[in-house]
Amino acid sequence: MPNGESFYITTPIYYPSDVPHIGHGYTTVAVDALARWHRQAGDDTWMLTGTDEHGQKMIRAAAANGATPQEWVDRLVAESWHPLLETLDIANDDFIRTTQPRHEERVRAFVQAIYDRGYIYAGEYEALYCVGCEEFKPENEIVDGTGAFEGLKVCAIHSKPLELLQEKNYFFKLSEFQDRLLALYRDVPDFVRPESAKNEVVSFVSQGLKDLSISRSTFDWGITVPWDESHVIYVWIDALLNYATAVGYGSDPEQFERRWPAVHVVGKDILRFHAVIWPAMLMAAGLDVPRTVFAHGWLLVGGEKMSKSKLTGIAPAEITDVFGSDAYRFYFLSAIAFGQDGSFSWEDLSARYQAELANGFGNLASRTVAMIERYFSGLVPPAGEYTARDLEIQKIVADAASGADAAIGRFAIQDAIERIWTIVDALNGYITENEPWALAKRRPEPVEGRRPEPVEGGGSEGGDTQRGRLGTVLYTCAEGLRALTVLLSPFMPVSTEKLWIALGAAETLGRLHEQPIRDAGTWGILRPGTSVNGLAPLFPRVEATV
(Lines give C-alpha, C1' and ligand atoms only; values in the text may rest on other atoms or scores of the structure.)
Protein backbone atom coordinates (compact mmCIF):
# COMPACT_ATOMS: atom_id res chain seq x y z
CA MET A 1 0.00 0.00 0.00
CA PRO A 2 1.30 3.53 -0.78
CA ASN A 3 2.65 5.49 2.16
CA GLY A 4 0.61 8.65 1.55
CA GLU A 5 -2.86 9.50 2.78
CA SER A 6 -5.99 8.16 1.11
CA PHE A 7 -7.12 10.11 -1.93
CA TYR A 8 -10.36 8.76 -3.37
CA ILE A 9 -11.67 10.87 -6.25
CA THR A 10 -14.73 10.43 -8.44
CA THR A 11 -16.18 11.78 -11.65
CA PRO A 12 -19.92 12.32 -11.66
CA ILE A 13 -21.68 9.10 -12.52
CA TYR A 14 -22.65 9.75 -16.13
CA TYR A 15 -26.13 9.21 -17.54
CA PRO A 16 -25.60 7.17 -20.73
CA SER A 17 -28.91 7.80 -22.47
CA ASP A 18 -26.78 8.94 -25.42
CA VAL A 19 -23.14 9.00 -26.50
CA PRO A 20 -20.57 11.10 -24.58
CA HIS A 21 -19.55 14.57 -25.71
CA ILE A 22 -16.50 16.70 -24.92
CA GLY A 23 -18.16 18.03 -21.77
CA HIS A 24 -18.08 14.52 -20.31
CA GLY A 25 -14.50 14.20 -21.52
CA TYR A 26 -13.52 17.49 -19.86
CA THR A 27 -14.66 16.33 -16.43
CA THR A 28 -13.08 12.92 -16.88
CA VAL A 29 -9.62 14.15 -17.91
CA ALA A 30 -9.63 16.66 -15.04
CA VAL A 31 -10.32 13.92 -12.50
CA ASP A 32 -7.79 11.64 -14.18
CA ALA A 33 -5.08 14.33 -14.02
CA LEU A 34 -5.75 14.94 -10.32
CA ALA A 35 -5.68 11.19 -9.63
CA ARG A 36 -2.45 10.71 -11.59
CA TRP A 37 -0.78 13.55 -9.71
CA HIS A 38 -1.74 12.19 -6.30
CA ARG A 39 -0.78 8.66 -7.34
CA GLN A 40 2.70 9.85 -8.32
CA ALA A 41 2.89 11.81 -5.09
CA GLY A 42 2.63 8.54 -3.18
CA ASP A 43 -0.95 9.01 -1.97
CA ASP A 44 -3.18 5.94 -1.67
CA THR A 45 -5.17 6.95 -4.74
CA TRP A 46 -8.36 5.49 -6.16
CA MET A 47 -10.27 6.92 -9.13
CA LEU A 48 -13.86 5.96 -9.84
CA THR A 49 -16.05 6.68 -12.84
CA GLY A 50 -19.13 4.95 -14.18
CA THR A 51 -22.66 5.14 -15.54
CA ASP A 52 -26.07 5.81 -14.00
CA GLU A 53 -28.41 3.50 -15.88
CA HIS A 54 -31.87 3.64 -14.30
CA GLY A 55 -34.72 6.15 -14.53
CA GLN A 56 -37.51 7.35 -16.77
CA LYS A 57 -35.21 9.07 -19.26
CA MET A 58 -33.47 5.78 -19.93
CA ILE A 59 -36.79 4.01 -20.55
CA ARG A 60 -37.75 6.58 -23.16
CA ALA A 61 -34.36 6.61 -24.85
CA ALA A 62 -34.38 2.80 -25.10
CA ALA A 63 -37.93 2.74 -26.50
CA ALA A 64 -37.00 5.36 -29.10
CA ASN A 65 -34.19 3.05 -30.25
CA GLY A 66 -36.25 -0.14 -30.27
CA ALA A 67 -34.50 -1.74 -27.30
CA THR A 68 -35.14 -2.65 -23.70
CA PRO A 69 -33.48 -0.37 -21.13
CA GLN A 70 -30.88 -3.02 -20.29
CA GLU A 71 -30.09 -3.68 -23.95
CA TRP A 72 -29.78 0.04 -24.59
CA VAL A 73 -27.40 0.79 -21.72
CA ASP A 74 -25.33 -2.34 -22.43
CA ARG A 75 -24.89 -1.18 -26.02
CA LEU A 76 -24.00 2.41 -25.14
CA VAL A 77 -21.56 1.48 -22.39
CA ALA A 78 -19.78 -1.07 -24.58
CA GLU A 79 -19.72 1.03 -27.76
CA SER A 80 -19.31 4.56 -26.40
CA TRP A 81 -18.58 4.99 -22.69
CA HIS A 82 -15.87 2.40 -22.17
CA PRO A 83 -14.12 3.46 -25.41
CA LEU A 84 -14.14 7.08 -24.17
CA LEU A 85 -11.68 6.06 -21.45
CA GLU A 86 -9.30 4.64 -24.04
CA THR A 87 -9.72 7.62 -26.36
CA LEU A 88 -8.67 10.02 -23.61
CA ASP A 89 -6.07 7.75 -21.91
CA ILE A 90 -7.92 7.60 -18.60
CA ALA A 91 -6.28 5.53 -15.83
CA ASN A 92 -9.35 4.90 -13.67
CA ASP A 93 -9.23 2.18 -11.01
CA ASP A 94 -12.88 1.18 -11.24
CA PHE A 95 -15.90 1.64 -13.48
CA ILE A 96 -19.24 1.10 -11.80
CA ARG A 97 -22.61 0.59 -13.46
CA THR A 98 -25.74 1.07 -11.39
CA THR A 99 -27.31 -2.00 -12.96
CA GLN A 100 -24.59 -4.22 -11.50
CA PRO A 101 -25.68 -6.53 -8.64
CA ARG A 102 -22.84 -5.25 -6.44
CA HIS A 103 -24.43 -1.81 -6.54
CA GLU A 104 -28.11 -2.72 -6.41
CA GLU A 105 -27.80 -4.92 -3.32
CA ARG A 106 -25.89 -2.25 -1.38
CA VAL A 107 -28.32 0.51 -2.37
CA ARG A 108 -31.18 -1.49 -0.91
CA ALA A 109 -29.16 -2.00 2.28
CA PHE A 110 -28.46 1.74 2.60
CA VAL A 111 -32.08 2.78 2.02
CA GLN A 112 -33.27 0.15 4.49
CA ALA A 113 -30.80 1.50 7.05
CA ILE A 114 -32.06 5.09 6.91
CA TYR A 115 -35.67 3.81 6.85
CA ASP A 116 -34.97 1.87 10.03
CA ARG A 117 -33.51 5.04 11.56
CA GLY A 118 -36.81 6.84 10.96
CA TYR A 119 -35.75 9.17 8.13
CA ILE A 120 -38.19 7.86 5.49
CA TYR A 121 -41.98 8.07 5.45
CA ALA A 122 -44.85 7.56 2.98
CA GLY A 123 -46.71 10.51 1.45
CA GLU A 124 -48.18 12.06 -1.68
CA TYR A 125 -46.43 14.41 -4.03
CA GLU A 126 -47.37 16.67 -6.96
CA ALA A 127 -44.77 18.76 -8.77
CA LEU A 128 -43.29 19.64 -12.15
CA TYR A 129 -40.72 17.06 -13.24
CA CYS A 130 -37.90 17.30 -15.81
CA VAL A 131 -37.14 13.93 -17.35
CA GLY A 132 -33.84 15.28 -18.72
CA CYS A 133 -32.66 16.26 -15.24
CA GLU A 134 -34.54 13.36 -13.59
CA GLU A 135 -35.60 15.92 -10.99
CA PHE A 136 -38.66 17.66 -9.57
CA LYS A 137 -37.74 21.24 -10.39
CA PRO A 138 -37.55 24.07 -7.84
CA GLU A 139 -39.23 27.37 -8.70
CA ASN A 140 -35.98 29.07 -9.71
CA GLU A 141 -35.39 26.48 -12.45
CA ILE A 142 -38.86 26.76 -14.02
CA VAL A 143 -39.34 29.29 -16.82
CA ASP A 144 -42.08 30.14 -19.30
CA GLY A 145 -41.75 28.44 -22.64
CA THR A 146 -41.34 30.33 -25.89
CA GLY A 147 -41.88 29.45 -29.54
CA ALA A 148 -43.23 25.92 -29.89
CA PHE A 149 -43.44 25.67 -26.07
CA GLU A 150 -45.27 28.96 -25.50
CA GLY A 151 -47.78 28.64 -22.68
CA LEU A 152 -45.89 25.75 -21.08
CA LYS A 153 -43.50 25.60 -18.15
CA VAL A 154 -40.04 24.46 -19.26
CA CYS A 155 -36.78 23.44 -17.58
CA ALA A 156 -34.32 26.34 -17.38
CA ILE A 157 -31.45 23.92 -18.12
CA HIS A 158 -32.87 21.75 -20.92
CA SER A 159 -35.47 24.18 -22.35
CA LYS A 160 -37.90 21.26 -22.56
CA PRO A 161 -41.49 21.18 -21.22
CA LEU A 162 -41.93 19.94 -17.65
CA GLU A 163 -44.40 17.21 -16.71
CA LEU A 164 -46.82 17.52 -13.81
CA LEU A 165 -46.55 14.34 -11.75
CA GLN A 166 -48.71 13.26 -8.86
CA GLU A 167 -47.66 10.10 -7.04
CA LYS A 168 -47.78 8.33 -3.72
CA ASN A 169 -44.12 8.10 -2.86
CA TYR A 170 -41.69 7.61 -0.01
CA PHE A 171 -39.96 10.73 1.29
CA PHE A 172 -36.59 11.39 2.88
CA LYS A 173 -36.69 13.89 5.77
CA LEU A 174 -34.26 16.29 4.14
CA SER A 175 -35.76 19.24 6.01
CA GLU A 176 -34.39 17.89 9.28
CA PHE A 177 -30.81 18.41 8.08
CA GLN A 178 -30.88 22.13 7.29
CA ASP A 179 -29.06 23.23 10.44
CA ARG A 180 -26.53 20.39 10.28
CA LEU A 181 -25.74 21.19 6.67
CA LEU A 182 -25.27 24.90 7.36
CA ALA A 183 -22.98 23.99 10.25
CA LEU A 184 -21.00 21.74 7.90
CA TYR A 185 -20.50 24.54 5.37
CA ARG A 186 -19.44 26.88 8.18
CA ASP A 187 -17.11 24.52 10.03
CA VAL A 188 -15.52 22.91 6.94
CA PRO A 189 -14.90 25.86 4.61
CA ASP A 190 -13.47 23.67 1.84
CA PHE A 191 -16.37 21.21 1.80
CA VAL A 192 -17.80 22.94 -1.27
CA ARG A 193 -15.41 24.48 -3.78
CA PRO A 194 -14.92 26.96 -5.36
CA GLU A 195 -16.17 29.80 -3.16
CA SER A 196 -18.85 30.80 -5.68
CA ALA A 197 -20.30 27.29 -5.54
CA LYS A 198 -20.23 27.29 -1.75
CA ASN A 199 -22.09 30.61 -1.63
CA GLU A 200 -24.76 29.23 -3.96
CA VAL A 201 -25.27 26.14 -1.79
CA VAL A 202 -25.39 28.10 1.47
CA SER A 203 -27.96 30.46 -0.02
CA PHE A 204 -30.11 27.57 -1.24
CA VAL A 205 -30.09 25.72 2.08
CA SER A 206 -30.65 28.91 4.08
CA GLN A 207 -33.97 29.40 2.30
CA GLY A 208 -35.27 26.16 3.84
CA LEU A 209 -35.29 22.55 2.68
CA LYS A 210 -38.27 20.43 1.71
CA ASP A 211 -38.47 16.69 2.21
CA LEU A 212 -37.36 14.76 -0.85
CA SER A 213 -39.37 12.17 -2.77
CA ILE A 214 -37.07 9.16 -3.01
CA SER A 215 -39.24 6.61 -4.84
CA ARG A 216 -41.30 6.30 -8.02
CA SER A 217 -44.24 3.99 -8.60
CA THR A 218 -45.24 4.72 -12.20
CA PHE A 219 -42.47 2.64 -13.81
CA ASP A 220 -40.31 -0.29 -12.78
CA TRP A 221 -36.87 0.39 -14.34
CA GLY A 222 -34.90 0.86 -11.14
CA ILE A 223 -33.91 -0.71 -7.84
CA THR A 224 -36.93 -1.78 -5.81
CA VAL A 225 -37.60 -0.30 -2.39
CA PRO A 226 -36.74 -3.10 0.11
CA TRP A 227 -39.97 -2.94 2.11
CA ASP A 228 -42.31 -2.11 -0.81
CA GLU A 229 -41.45 -3.61 -4.17
CA SER A 230 -44.22 -1.67 -5.92
CA HIS A 231 -41.83 1.31 -5.76
CA VAL A 232 -38.38 1.84 -7.27
CA ILE A 233 -35.76 4.07 -5.66
CA TYR A 234 -35.50 7.54 -7.16
CA VAL A 235 -32.71 7.50 -9.73
CA TRP A 236 -30.67 10.23 -8.04
CA ILE A 237 -30.65 8.40 -4.68
CA ASP A 238 -29.55 5.28 -6.54
CA ALA A 239 -26.89 7.23 -8.46
CA LEU A 240 -25.36 9.10 -5.52
CA LEU A 241 -24.86 5.85 -3.64
CA ASN A 242 -22.45 4.57 -6.30
CA TYR A 243 -19.66 6.54 -4.64
CA ALA A 244 -20.05 4.42 -1.49
CA THR A 245 -21.09 1.07 -2.96
CA ALA A 246 -18.07 1.03 -5.32
CA VAL A 247 -15.62 1.07 -2.40
CA GLY A 248 -17.21 -1.53 -0.21
CA TYR A 249 -20.16 0.02 1.60
CA GLY A 250 -22.34 -2.85 2.80
CA SER A 251 -19.90 -5.57 1.78
CA ASP A 252 -16.24 -4.77 2.56
CA PRO A 253 -15.82 -2.63 5.70
CA GLU A 254 -12.02 -2.69 5.46
CA GLN A 255 -12.03 -1.34 1.91
CA PHE A 256 -14.64 1.28 2.77
CA GLU A 257 -12.61 2.41 5.78
CA ARG A 258 -9.50 2.67 3.60
CA ARG A 259 -11.11 4.75 0.82
CA TRP A 260 -13.89 6.83 2.33
CA PRO A 261 -14.50 9.80 2.36
CA ALA A 262 -14.31 10.84 -1.28
CA VAL A 263 -13.49 13.92 -3.30
CA HIS A 264 -16.31 14.51 -5.81
CA VAL A 265 -15.76 16.52 -8.98
CA VAL A 266 -19.07 17.45 -10.62
CA GLY A 267 -20.59 19.91 -13.05
CA LYS A 268 -22.21 22.91 -11.40
CA ASP A 269 -25.66 21.87 -12.66
CA ILE A 270 -25.65 18.85 -10.31
CA LEU A 271 -23.98 20.60 -7.38
CA ARG A 272 -27.12 20.63 -5.22
CA PHE A 273 -27.48 16.85 -5.36
CA HIS A 274 -23.88 16.34 -4.23
CA ALA A 275 -23.51 19.17 -1.72
CA VAL A 276 -26.99 19.07 -0.12
CA ILE A 277 -28.86 15.80 -0.64
CA TRP A 278 -25.85 13.48 -0.59
CA PRO A 279 -24.27 14.68 2.70
CA ALA A 280 -27.72 14.69 4.33
CA MET A 281 -28.21 11.05 3.28
CA LEU A 282 -24.83 10.14 4.75
CA MET A 283 -25.63 11.96 7.98
CA ALA A 284 -28.88 10.02 8.20
CA ALA A 285 -26.95 6.76 7.84
CA GLY A 286 -24.32 7.78 10.42
CA LEU A 287 -21.51 7.93 7.84
CA ASP A 288 -18.85 10.54 7.17
CA VAL A 289 -19.72 13.18 4.58
CA PRO A 290 -17.47 13.54 1.51
CA ARG A 291 -14.15 15.32 1.94
CA THR A 292 -14.84 17.86 -0.79
CA VAL A 293 -17.37 18.57 -3.52
CA PHE A 294 -15.76 20.58 -6.32
CA ALA A 295 -18.08 22.06 -8.95
CA HIS A 296 -16.56 23.00 -12.28
CA GLY A 297 -18.19 25.30 -14.79
CA TRP A 298 -19.96 24.54 -18.01
CA LEU A 299 -18.19 23.92 -21.29
CA LEU A 300 -19.76 26.33 -23.77
CA VAL A 301 -20.04 26.05 -27.55
CA GLY A 302 -21.45 29.07 -29.28
CA GLY A 303 -22.27 30.55 -25.88
CA GLU A 304 -24.45 27.59 -24.84
CA LYS A 305 -23.82 24.70 -22.46
CA MET A 306 -22.64 21.55 -24.22
CA SER A 307 -25.77 19.51 -24.95
CA LYS A 308 -26.80 16.70 -27.28
CA SER A 309 -30.42 17.86 -27.09
CA LYS A 310 -29.38 21.30 -28.39
CA LEU A 311 -27.08 19.81 -31.04
CA THR A 312 -23.99 21.43 -29.53
CA GLY A 313 -22.45 18.10 -28.54
CA ILE A 314 -19.04 17.30 -30.05
CA ALA A 315 -17.65 13.79 -29.70
CA PRO A 316 -14.15 13.66 -28.13
CA ALA A 317 -12.89 11.56 -31.03
CA GLU A 318 -13.59 14.46 -33.40
CA ILE A 319 -10.74 16.25 -31.62
CA THR A 320 -8.43 13.35 -30.78
CA ASP A 321 -8.53 11.99 -34.34
CA VAL A 322 -6.98 15.28 -35.51
CA PHE A 323 -4.84 16.48 -32.62
CA GLY A 324 -4.34 13.40 -30.40
CA SER A 325 -5.41 12.73 -26.83
CA ASP A 326 -2.61 14.72 -25.19
CA ALA A 327 -3.60 17.87 -27.06
CA TYR A 328 -7.21 17.33 -25.97
CA ARG A 329 -6.15 16.94 -22.36
CA PHE A 330 -3.74 19.89 -22.43
CA TYR A 331 -6.20 22.22 -24.12
CA PHE A 332 -9.16 21.68 -21.82
CA LEU A 333 -7.06 21.60 -18.65
CA SER A 334 -5.02 24.72 -19.44
CA ALA A 335 -7.38 26.92 -21.44
CA ILE A 336 -10.23 26.89 -18.90
CA ALA A 337 -9.96 28.00 -15.28
CA PHE A 338 -11.18 24.94 -13.39
CA GLY A 339 -14.35 25.92 -11.58
CA GLN A 340 -15.44 28.54 -14.13
CA ASP A 341 -17.33 28.36 -17.41
CA GLY A 342 -15.14 28.06 -20.48
CA SER A 343 -15.66 28.26 -24.23
CA PHE A 344 -14.40 25.84 -26.84
CA SER A 345 -13.47 26.77 -30.39
CA TRP A 346 -11.57 24.89 -33.05
CA GLU A 347 -9.56 28.02 -33.85
CA ASP A 348 -8.32 28.42 -30.28
CA LEU A 349 -7.46 24.73 -30.02
CA SER A 350 -5.50 24.83 -33.29
CA ALA A 351 -3.62 27.98 -32.29
CA ARG A 352 -2.63 26.60 -28.89
CA TYR A 353 -1.61 23.29 -30.40
CA GLN A 354 0.79 24.98 -32.80
CA ALA A 355 2.19 27.64 -30.47
CA GLU A 356 2.42 25.85 -27.13
CA LEU A 357 2.69 22.17 -27.98
CA ALA A 358 4.40 21.91 -31.38
CA ASN A 359 6.57 25.05 -31.31
CA GLY A 360 7.00 25.25 -27.54
CA PHE A 361 7.23 21.90 -25.78
CA GLY A 362 7.68 19.69 -28.85
CA ASN A 363 10.47 21.69 -30.41
CA LEU A 364 12.29 22.01 -27.08
CA ALA A 365 12.26 18.24 -26.68
CA SER A 366 13.31 17.47 -30.24
CA ARG A 367 16.23 19.84 -30.45
CA THR A 368 17.57 18.97 -27.01
CA VAL A 369 17.68 15.24 -27.84
CA ALA A 370 19.02 15.95 -31.32
CA MET A 371 21.88 18.17 -30.05
CA ILE A 372 22.96 15.54 -27.52
CA GLU A 373 22.99 12.99 -30.33
CA ARG A 374 24.93 15.33 -32.58
CA TYR A 375 27.48 16.82 -30.23
CA PHE A 376 27.96 14.05 -27.65
CA SER A 377 27.32 10.85 -29.59
CA GLY A 378 23.93 10.42 -27.96
CA LEU A 379 25.21 10.41 -24.36
CA VAL A 380 23.99 12.95 -21.81
CA PRO A 381 27.11 15.00 -21.00
CA PRO A 382 28.23 15.82 -17.46
CA ALA A 383 27.74 19.38 -16.26
CA GLY A 384 30.72 21.54 -15.46
CA GLU A 385 30.69 24.63 -13.30
CA TYR A 386 27.28 26.26 -13.20
CA THR A 387 26.85 29.95 -14.05
CA ALA A 388 24.29 32.25 -12.44
CA ARG A 389 21.99 31.66 -15.44
CA ASP A 390 22.27 27.88 -15.01
CA LEU A 391 21.35 28.19 -11.35
CA GLU A 392 18.42 30.38 -12.32
CA ILE A 393 17.10 27.55 -14.50
CA GLN A 394 17.43 25.17 -11.57
CA LYS A 395 15.42 27.54 -9.38
CA ILE A 396 12.73 27.90 -12.04
CA VAL A 397 12.40 24.11 -12.15
CA ALA A 398 12.20 23.80 -8.36
CA ASP A 399 9.69 26.63 -8.08
CA ALA A 400 7.56 25.18 -10.87
CA ALA A 401 7.40 21.81 -9.12
CA SER A 402 6.42 23.22 -5.74
CA GLY A 403 4.04 25.76 -7.25
CA ALA A 404 2.29 23.13 -9.35
CA ASP A 405 1.83 20.85 -6.34
CA ALA A 406 0.30 23.69 -4.35
CA ALA A 407 -2.03 24.51 -7.25
CA ILE A 408 -3.19 20.89 -7.49
CA GLY A 409 -4.02 21.05 -3.79
CA ARG A 410 -6.34 23.98 -4.62
CA PHE A 411 -7.84 22.11 -7.62
CA ALA A 412 -6.36 24.89 -9.77
CA ILE A 413 -5.30 22.61 -12.62
CA GLN A 414 -4.78 25.46 -15.07
CA ASP A 415 -2.46 27.20 -12.58
CA ALA A 416 -0.45 24.00 -12.14
CA ILE A 417 0.11 23.73 -15.88
CA GLU A 418 0.97 27.42 -16.10
CA ARG A 419 3.62 26.99 -13.41
CA ILE A 420 5.06 23.92 -15.13
CA TRP A 421 5.10 25.75 -18.48
CA THR A 422 7.57 28.25 -17.07
CA ILE A 423 10.14 25.48 -17.56
CA VAL A 424 9.28 25.22 -21.27
CA ASP A 425 9.64 28.97 -21.78
CA ALA A 426 12.80 29.21 -19.66
CA LEU A 427 14.59 26.36 -21.44
CA ASN A 428 13.68 27.63 -24.90
CA GLY A 429 15.05 31.05 -23.93
CA TYR A 430 18.13 29.42 -22.37
CA ILE A 431 18.94 27.59 -25.61
CA THR A 432 18.56 30.79 -27.62
CA GLU A 433 20.82 32.69 -25.22
CA ASN A 434 23.56 30.05 -25.00
CA GLU A 435 23.58 28.96 -28.66
CA PRO A 436 24.89 25.39 -28.20
CA TRP A 437 25.50 25.19 -31.95
CA ALA A 438 27.88 28.14 -31.70
CA LEU A 439 29.67 26.57 -28.72
CA ALA A 440 30.14 23.45 -30.84
CA LYS A 441 31.12 25.60 -33.86
CA ARG A 442 28.73 23.67 -36.00
CA ARG A 443 25.89 24.64 -38.30
CA PRO A 444 22.68 25.97 -36.68
CA GLU A 445 20.81 23.82 -34.22
CA PRO A 446 18.52 21.03 -35.36
CA VAL A 447 14.79 21.67 -35.72
CA GLU A 448 11.92 19.41 -34.80
CA GLY A 449 11.34 16.61 -37.24
CA ARG A 450 14.77 16.92 -38.97
CA ARG A 451 17.36 14.45 -37.72
CA PRO A 452 20.88 15.93 -38.11
CA GLU A 453 23.77 14.15 -39.73
CA PRO A 454 25.96 12.48 -37.08
CA VAL A 455 29.28 14.16 -36.36
CA GLU A 456 32.22 11.90 -36.92
CA GLY A 457 33.64 10.87 -33.56
CA GLY A 458 31.06 12.96 -31.72
CA GLY A 459 33.70 15.60 -31.10
CA SER A 460 33.77 19.38 -31.17
CA GLU A 461 35.99 21.81 -32.97
CA GLY A 462 36.09 24.10 -29.93
CA GLY A 463 38.50 23.97 -27.05
CA ASP A 464 38.01 22.14 -23.80
CA THR A 465 36.45 25.22 -22.17
CA GLN A 466 33.84 25.61 -24.89
CA ARG A 467 33.14 21.90 -24.91
CA GLY A 468 32.75 21.90 -21.14
CA ARG A 469 30.35 24.79 -21.40
CA LEU A 470 28.45 22.99 -24.16
CA GLY A 471 28.12 19.95 -21.92
CA THR A 472 26.79 22.07 -19.05
CA VAL A 473 24.22 23.73 -21.31
CA LEU A 474 22.97 20.45 -22.75
CA TYR A 475 22.92 18.73 -19.36
CA THR A 476 20.84 21.64 -18.06
CA CYS A 477 18.44 21.22 -20.97
CA ALA A 478 18.21 17.46 -20.55
CA GLU A 479 17.76 17.59 -16.77
CA GLY A 480 15.18 20.36 -17.15
CA LEU A 481 13.36 18.15 -19.65
CA ARG A 482 13.52 15.25 -17.19
CA ALA A 483 11.74 17.34 -14.55
CA LEU A 484 9.32 18.73 -17.12
CA THR A 485 8.42 15.25 -18.32
CA VAL A 486 7.59 14.05 -14.82
CA LEU A 487 5.55 17.15 -14.00
CA LEU A 488 3.56 17.05 -17.24
CA SER A 489 2.92 13.30 -17.20
CA PRO A 490 -0.42 13.51 -15.31
CA PHE A 491 -1.73 15.90 -17.96
CA MET A 492 -0.13 14.49 -21.13
CA PRO A 493 0.72 10.83 -20.51
CA VAL A 494 1.35 9.81 -24.13
CA SER A 495 3.86 12.45 -25.27
CA THR A 496 5.69 12.46 -21.93
CA GLU A 497 6.13 8.69 -22.08
CA LYS A 498 7.71 9.04 -25.53
CA LEU A 499 10.04 11.76 -24.28
CA TRP A 500 10.93 9.78 -21.15
CA ILE A 501 12.08 6.91 -23.35
CA ALA A 502 13.94 9.26 -25.71
CA LEU A 503 15.86 10.75 -22.77
CA GLY A 504 16.98 7.25 -21.78
CA ALA A 505 15.35 7.76 -18.39
CA ALA A 506 13.23 4.63 -18.63
CA GLU A 507 16.41 2.54 -18.64
CA THR A 508 18.16 4.32 -15.77
CA LEU A 509 15.36 5.74 -13.58
CA GLY A 510 12.44 3.36 -14.15
CA ARG A 511 8.92 3.86 -15.38
CA LEU A 512 7.66 7.41 -15.75
CA HIS A 513 4.40 7.00 -13.82
CA GLU A 514 6.37 5.71 -10.82
CA GLN A 515 8.56 8.81 -10.51
CA PRO A 516 7.80 10.72 -7.26
CA ILE A 517 6.25 13.89 -8.59
CA ARG A 518 6.92 16.00 -5.50
CA ASP A 519 10.66 15.31 -5.98
CA ALA A 520 10.61 16.25 -9.65
CA GLY A 521 12.18 19.65 -8.96
CA THR A 522 15.25 18.16 -7.27
CA TRP A 523 18.22 18.88 -9.53
CA GLY A 524 20.68 16.29 -10.82
CA ILE A 525 18.52 13.16 -11.09
CA LEU A 526 19.27 12.42 -14.76
CA ARG A 527 22.59 10.61 -14.86
CA PRO A 528 25.42 11.79 -17.13
CA GLY A 529 26.25 9.10 -19.65
CA THR A 530 22.60 8.14 -20.13
CA SER A 531 22.03 7.17 -23.75
CA VAL A 532 19.32 9.18 -25.51
CA ASN A 533 17.26 7.82 -28.38
CA GLY A 534 15.89 9.42 -31.51
CA LEU A 535 12.69 11.37 -30.97
CA ALA A 536 10.02 11.78 -33.63
CA PRO A 537 8.00 15.01 -33.41
CA LEU A 538 5.77 14.82 -30.34
CA PHE A 539 3.15 17.06 -31.93
CA PRO A 540 3.23 16.67 -35.71
CA ARG A 541 2.05 19.46 -37.96
CA VAL A 542 -1.72 19.57 -38.39
CA GLU A 543 -2.47 20.83 -41.87
CA ALA A 544 -6.16 21.55 -41.41
CA THR A 545 -8.78 21.54 -38.67
CA VAL A 546 -12.49 20.81 -38.68
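Q: Why is arginine 259 called buried?
A: In this predicted model, arginine 259 has a relative accessibility of 3%, and a residue counts as buried when its relative accessible area is under 20%; the value falls under that cut-off, so arginine 259 is buried.

Q: Where does arginine 259 lie, and with which residues is arginine 259 in contact, leaving aside its neighbours within four places in sequence?
A: Arginine 259 belongs to helix α9, which covers residues 253-259. With those neighbours left aside, its contacts are Ser6, Tyr8, Asp44, Thr45, Trp46 and Val247, where contact requires heavy atoms within 4.5 Å.

Q: What makes threonine 472 buried or exposed?
A: The relative accessible area of threonine 472 is 1%, and since buried means under 20% while exposed means over 50%, threonine 472 is therefore classed as buried. Threonine 472 sits in helix α17, residues 464-488, and, leaving aside neighbours within four places in sequence, is in contact with Pro382, Ala383, Gly384, Glu385, Tyr386, Asp390 and Tyr430.

Q: How do you know whether the radius of gyration of the protein agrees with that of a compact globule?
A: For 546 residues the globule rule gives a radius of gyration near 24 Å, and the protein has 27 Å, which agrees. Along its principal axes, the C-alpha trace spans about 90 × 50 × 40 Å.

Q: How many of the contacts in the protein with a separation of 6 or more join residues 24 or more positions apart, and what share of the residues counts as buried?
A: Among contacts with a separation of 6 or more, 78% are between residues 24 or more positions apart, and of the 546 residues, 57% count as buried.

Q: What makes up the lining of the second largest pocket, by class and by element?
A: The lining has 30 residues, and Lys137, Pro138, Asn140, Phe204 and Arg272 lie nearest the centre of the pocket, whose space comes to about 930 Å³. By class, 16 of the lining residues are nonpolar, 4 polar and 10 charged. Elements that each supply at least two residues are β4 (120-130), β5 (135-136), α6 (195-206), β10 (212-213) and α10 (271-285).

Q: Which element gives the largest share of the lining of the second largest pocket?
A: That element is α10, with 5 residues of the lining.

Definitions and conventions. Residues are numbered from 1 along each chain as its sequence is written. This is a predicted model: local features need pLDDT of at least 70, side-chain atom pairs count only at pLDDT 80 or more; totals for chains, interfaces and linings use all residues. Side-chain values use heavy atoms; hydrogens and water are left out. On a 1 Å grid over the protein atoms alone, a cavity is a set of points where a 1.4 Å probe fits but cannot get out, and a pocket is an open set with protein on both sides within 12 Å along at least five of seven lines; lining residues have an atom within 4 Å of a point. Grid points are joined across faces, edges and corners, and a volume is the space filled by probe spheres set on the points. Ala, Val, Leu, Ile, Met, Phe, Trp, Tyr, Cys and Pro count as nonpolar, Asp, Glu, Lys and Arg as charged, and the others, Gly among them, as polar. The radius of gyration is taken over C-alpha atoms; the globule rule is 2.2 Å times the number of residues to the power 0.38. Buried means under 20% relative accessible area, exposed over 50%, partly exposed in between (1.4 Å probe, protein chains only).
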